[in-house]
Amino acid sequence: MDGVEPGTPCWADLATPGLDDAKRFYPELFGWTGRVSAEPGAGGYTMFLKDGRAVAGAGPPAAPDQVPVWSTYVATDDADLVATRVEAAGGQVVVSPFDVFEQGRMAVLADPAGAVFSVWQPMAMRGAELFNAPGSMCWNELVTPDPERAKDFYALVFGWHPEEQSSGPVTYTGWRCGARIVAGMMPQLEPLPEDLPAYWTVYFAVEDADATAARAAELGGTILVPPRDNPAGRGAALRDPQGALFSVTALR
C-alpha cells in the first residue's frame, strides 16, 4: 500500500465539543486551512491542511461527556484483528471497528493503563500527507504510570519492540516497528491530570517552540509544560482553549 506502513502512526485528530473554536485556534496557531466534510453523517468533521496537504482532523466527540482529546491513529491492515488483540492483551475496545464512509475502517482502543488510541485501516484515505515539517505531526508519545505493562501490551498488539534510551535520569523508550523507531514512551514524571490516567500525546513540528507556546496562550490556550530542550529539539506541552492536550517541538 502507499502511505504509511502498518504499525506506524498515520493520523491525528481532535474530538472536541468546541469544534468551531478549534477551527479558529489551530489555523491561527499552525497556519492550517480547514476543509469541512460534505458527508451528512460526518458531524462537521474538518480536515486541516498545511500547504494543501492533509495534516490532521477535528470533529465532535463520540459521547457528550467525553473530554476534548487529540487521538493518535496507528495504521493497520486489519482493524478487527487489532481490536481482538487489544482485548486479549488486557486493554479495552472503546469503540468497536466501523467503516468511515469510503475512507477507511477504524476503532478506538485503550491500553491497560487507560491510554486511548485509535487504529486506521486505510481505504480512500491513507492518512496524513505531510510529516515532520512545521505544522504537521512529527512524533507520538505514550506517557504512562506503568511502562512495563505497556511494553508487553504494545508488543502483542502491534509487534512493537521497546528500545530503551537513557535520557538523563529518565529512561526513555523508543518503539521499534521493523526498521524504524515509530513512537516513544515516557514514564509519568509529574502527577497526571485527573482526566488523563495515561495518554498518548501528539507532537506537531513548529519553527519556534517558544513563539508557538506564547501564541497559543494569546489565542486562549494554556502552557502546561513551558518550552524546554529535549534530545529531538525544543518542545512544550500545551492545552487548547477547550482543554485538549498536545505538544509542539522545534526539530533540530
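Modeller: The stretch comes from the UniProt record, an unreviewed entry, which lists residues 8-122 and 136-251 for "domain: VOC". Please keep in mind that this is a predicted model. In the protein there are 4 helices and 16 strands.

You will find Trp160 in the loop between α3 (147-158) and β10 (161-167). Is Trp160 buried or exposed? Its relative accessibility is 1%, so Trp160 counts as buried, the cut-off for buried being under 20%. Across the protein, 51% of the 252 residues count as buried.

What does Trp160 touch, leaving aside residues up to four places away in sequence? Its contacts include Tyr154 and Ala155, and also Trp175, Arg176 and Cys177. Gly178 is 18 residues from Trp160 in sequence, and their C-alpha atoms are 8.1 Å apart in space.

Stepping back to the protein, residues 24 or more positions apart account for 58% of the contacts with a separation of 6 or more. The radius of gyration is 17 Å, which agrees with the value near 18 Å that a compact globule of 252 residues would have. Along its principal axes, the C-alpha trace spans about 50 × 45 × 35 Å.

Note on methods: Residues numbered from 1 in each chain as written. Predicted model: local features only at pLDDT ≥ 70, side-chain atom pairs only at ≥ 80, totals over all residues. Heavy atoms only, no water. Helix = DSSP H or I, 4+ residues; strand = E, 2+ residues; numbered from the N terminus. Rg over C-alpha atoms; globule rule 2.2 N^0.38 Å. Buried < 20%, exposed > 50% of the residue type's maximum accessible area, 1.4 Å probe, protein only. Contact = heavy atoms within 4.5 Å. UniProt positions renumbered as here; feature names shortened; annotations may be inferred.
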